[in-house]
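Have the sequence and the structure open as you read.

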Amino acid sequence: MPKTGSPGAGSLPVCSADMTAAPAVSAVLGDVLWCLGLGCLLGALRSAASMLTGNGPLRCFCWDLLTFVAAAVLVCGFSAGVSASGLTRWYMAAAMLVGTLAWNQAIAPSVYQAASKILQIAVWPLRQLEGKILYPLIQHIQNALHSLRLRRPRKNVRKKPKIRKKQLQKASKVLYN
């Protein structure tokens, strides 16, 4: 068994078949930045899905579950394809979580405000159209219908009495054979 140069670590092996070498710090930082970006992208997709479908409790649970599964797939796919070490490491999942939380806390509120302003600007001409053209047109149609109702004579809505069938003899003098 090879020994290291330090006196306290004399019995520990330097490297064995079970241990993998730690990647360089620059490779770890690159992986962390990639996973931060993937986490932000995942948070953006989750926000877009809730913006399109609403925020009911069941919908939120389903979107959260799908987001968790997508995060697991992204971490495994990233570590197998792009990562410097080729292995899934704990800091990749942590960086993806931090990226998703950063999206939800820092970026999403400003995106929601911008989307609200853009929607207000897009709807403004329609509101002007409604106020200047549609509302007076609707009022004119309602007034015309009201005056038409006033001009028409009302039908007699009294109930007609039922015409009773005449009996040949009185009910009290029914003869039986």
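## Cysteines

C40 has a relative accessibility of 22%, so this residue counts as partly exposed; buried means under 20% relative accessible area, exposed over 50%, and partly exposed in between (1.4 Å probe, protein chains only). Please keep in mind that this is a predicted model, in which local features need pLDDT of at least 70, side-chain atom pairs count only at pLDDT 80 or more, and totals for chains, interfaces and linings use all residues. Residues are numbered from 1 along each chain as its sequence is written, and side-chain values use heavy atoms, with hydrogens and water left out.

The whole structure has 0 disulfides (a disulfide being a pair of cysteine sulfur atoms within 2.5 Å). For C60, the closest cysteine sulfur belongs to C62 and lies 9.5 Å away, too far for a bond.

## Aromatic pairs

There are 2 aromatic pairs, counted when ring centres of Phe, Tyr and Trp (its six-membered ring) lie within 6.5 Å; planes under 30 degrees apart are stacked, over 60 edge-to-face, and the rest tilted. W34 and F78 form a tilted pair because their centres are 5.9 Å apart and their planes stand at 35°. W34 is partly exposed at 49%, whereas F78 is buried at 5%.

W90 and Y91 make an edge-to-face pair, 6.1 Å centre to centre with 85° between the planes. Here W90 is exposed at 69% and Y91 buried at 12%.

## Overall fold

The chain has 3 helices and 0 strands (DSSP runs of H or I, at least four residues, and of E, at least two, numbered from the N terminus). Of its 177 residues, 16% are buried.
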